[in-house]
Amino acid sequence: MAKIKKKVKTIKVDADKCNGCRGCELVCSAFHSTPRYSTINPARSRIQIIRFPLKDIWLPVFAGEYTPAECMGRDKYIIDGKEYDECTFCRATCPSRDMFKEPDSGLPLKCDMCEDEPPLEQPKCVEWCLNDVLIYEEREEEVEEGVEMENVEMGLTAMIDKYGMDKIADALARISQKD
Ligand code: SF4
Ligand code: SF4
């Protein structure tokens, strides 16, 4: 199978520096509104700050993959004497919580690294975090061409099973109309 180069983008989170200002949530929701920057609604953000002020916990988490099933077992973490709730570090959009779901349609949200044309120098949340919590990095990896397409098809099939073809087609039409 042919190998292709794939650009891998990551955002490193220096969580100790986060003060919970939620600027990242605001700019993410504004950037992804249609038309762009027309509305601000943190509930539509693809980054969420997990907040437990009494425990001094402010943790940025990025929306990851959609999953139709809840976990059978969950983990608790204690870091520097602070105990984190079971789902704190999980990035999935899943049935057991409301995070990372479009408030109107319930469709899952996923961080797309602010893909744009022409490409941005760095994602919006990274640019707007004044405390340098979010650090953007890029690298290249070689992957097999077919595997990439298989992943796309598996993701689409799962979404169609869950929401039906009509809703997915509507969402794709909305996305394709973006500036
Ligand atoms: S903008 Fe930076 S400091 Fe503010 S909540 Fe987001 S990650 Fe934390
Ligand atoms: S990288 Fe872009 S899409 Fe992802 S959370 Fe940050 S602003 Fe939102």
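Colleague: What pattern does the protein follow, read along the sequence?
Modeller: Along the sequence the pattern is β-α-β-β-β-β-α-β-α-α, which comes to four helices and six strands. Helices (H or I, at least four residues) and strands (E, at least two) are DSSP runs, numbered from the N terminus. This is a predicted model, where local features need pLDDT of at least 70 and side-chain atom pairs count only at pLDDT 80 or more, while totals for chains, interfaces and linings use all residues. Residues are numbered from 1 along each chain as its sequence is written, and chains are lettered from A and ligands numbered from 1 in the order in which they are written.

Colleague: Switching to the core: which residues have the most contacts inside the largest nonpolar one?
Modeller: Cys24, Cys28, Ile47, Cys125, Cys129 and Leu134, in a core of 19 residues. A nonpolar core is a set of buried Ala, Val, Leu, Ile, Met, Phe, Trp, Tyr and Cys residues joined through C-beta atoms within 7 Å. Buried means 20 or more other C-beta atoms within 10 Å of the residue's own, exposed means 12 or fewer, and partly exposed is in between, with C-beta atoms placed from the backbone.

Colleague: Which element gives the most to this core?
Modeller: Helix 1, with four residues.

Colleague: And what does cysteine 28 touch?
Modeller: Leaving out residues up to four places away in sequence, cysteine 28 touches Ser45, Arg46, Ile47, Lys124 and Cys125. Contact here means C-beta atoms, placed from the backbone, within 7 Å.

Colleague: Now the ligands. What surrounds ligand 2?
Modeller: Its shell includes Cys28, Phe31, Ile47, Cys111, Cys114 and Cys125. A residue is near a molecule if its C-beta atom, placed from the backbone, lies within 6 Å of it.

Colleague: Which residues come nearest to ligand 1?
Modeller: Cys18, Cys21, Gly23, Cys24 and Cys129, out of 13 around ligand 1.

Colleague: Last one: is lysine 110 exposed, partly exposed or buried, and why?
Modeller: Lysine 110 counts as partly exposed because it has 17 C-beta neighbours inside 10 Å. Lysine 110 lies in the loop between strand 5 (82–84) and helix 2. Beyond residues up to four places away in sequence, lysine 110 touches Arg46, Ala63, Gly64 and Glu65.

Note on methods. Contact = placed C-beta atoms within 7 Å.
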